[in-house]
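Here is a friendly walk through one model, meant to be read with the structure open beside you.

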Amino acid sequence: MKYEMAEKVLNYAESVEAHIPESKVWDSSTQDGIQIHPGFLDGDLKNFFPEFLNDNTPNLLVRGLPGYGKTNLVNAIITSILRMYSKEEIELYLVDFKQVDFDLYFQKPTAPQIKVIDYDNYGAYIEKSIDSLLELSKERISLFTKLGVTKISEYNERLGRATGESSPMKRSLLILNEYTAMLENPVILRKINQLLKIGRACGVHAIAATQSNRTREALEFISQFGLTFVVSAHPSKNQKGWVDVYYGGRRASKSYKTPFCDENYIRESLRKYASLALEE
Ligand SMILES: Nc1ncnc2c1ncn2[C@@H]1O[C@H](COP(=O)(O)OP(=O)(O)OP(=O)(O)O)[C@@H](O)[C@H]1O
Ligand SMILES: [Mg+2]
């Protein structure tokens, strides 16, 4: 209880709206990667800074003990992405192995960037989503091979130069919540490992969250994550939602404070983006 009172003052809705104003909604480009907003750098309310999913760090692993704010952080990241990037720039595949946490994103009407494939049949939904991303990756790789490029950044650079085209090839982001359950499903695990391996060259990124330390069973999977956020409580401030950053397993000397991301705000945003898409 002591936690809650101090923290709800720091609110992700206000933070994201102050730093990505209305005039900037759907105004960002994924040309060089996807911006990830974990909150305030070192807790300083002036510094709402992003980390990046790009060629160097295509995928993000979110770890932390139960109840310390992983789902809140993932919701915050999704909220800022939906605000920054249009459906021409990004598509989101949201897979929660507990199913419940992401349900709100599939209530209609939802934001146009969210990919809905047979969601009512949840068992099939997970595999179909991964299959769809695998197919997309394979198509892109054969296109790149034909054009003599090796990765999306090169493709965007060349396409931009050749045609003066302003929008880059769309990025896909697969978000896996509580993926530990996936380790017991060899078919899904094999497909995801394949996807992470080939996806990194062609604009398919992943964020995976877990409360488990069982990394041994998932070595091949974990090795694809160059960026890690470890969510914990601040040692002296009695606050949840502090994020330590690791690049390639090495701790960086910085942390972020993630504000509280209210689910009502998320629902409101989803409705707003759904109607914005209809106006276009
Ligand atoms: N950054 C934050 N600021 C304020 N409160 C927070 C924050 N993060 C989490 N909380 C509070 O803690 C509760 C649990 O957080 P959350 O569900 O994000 O944890 P989790 O790490 O995903 O837990 P689990 O492992 O059980 O899924 C939230 O409902 C919220 O009340
Ligand atoms: Mg959670």
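Predicted model: local features only at pLDDT ≥ 70, side-chain atom pairs only at ≥ 80, totals over all residues.

Residues are numbered from 1 along each chain as its sequence is written, and chains are lettered from A and ligands numbered from 1 in the order in which they are written.

Let's begin with ligand 1, which is surrounded by 14 residues (C-beta atom, placed from the backbone, within 6 Å of the ligand). The closest are Gly69, Lys70, Thr71, Asn72 and Gly241. Helix α3 (residues 70-84) gives the most to this shell, with 3 residues; helices are DSSP runs of H or I of at least four residues, and strands are runs of E of at least two.

| Class in the shell of ligand 1 | Count |
|---|---|
| Nonpolar | 3 residues |
| Polar | 8 residues |

Gly counts as polar here.

Next comes helix α2 (residues 12-19), whose buried residues are Tyr12, Ser15 and Val16 (20 or more other C-beta atoms within 10 Å of their own; exposed means 12 or fewer). Because they cover an arc of only 90° around the axis, they sit on the same side of α2. Glu14 and Ala18, on the other side of α2, are exposed.

Finally, 8 strands form an open sheet with mixed pairing, in the order β2-β10-β9-β8-β4-β7-β6-β5 (strands pair if DSSP finds at least two bridges between them). β2 (40-41) and β5 (90-96) stand at the edges with a single partner strand each, so one side of each is left without a neighbour in the sheet.

Methods: Arc of directions from axis to C-beta.
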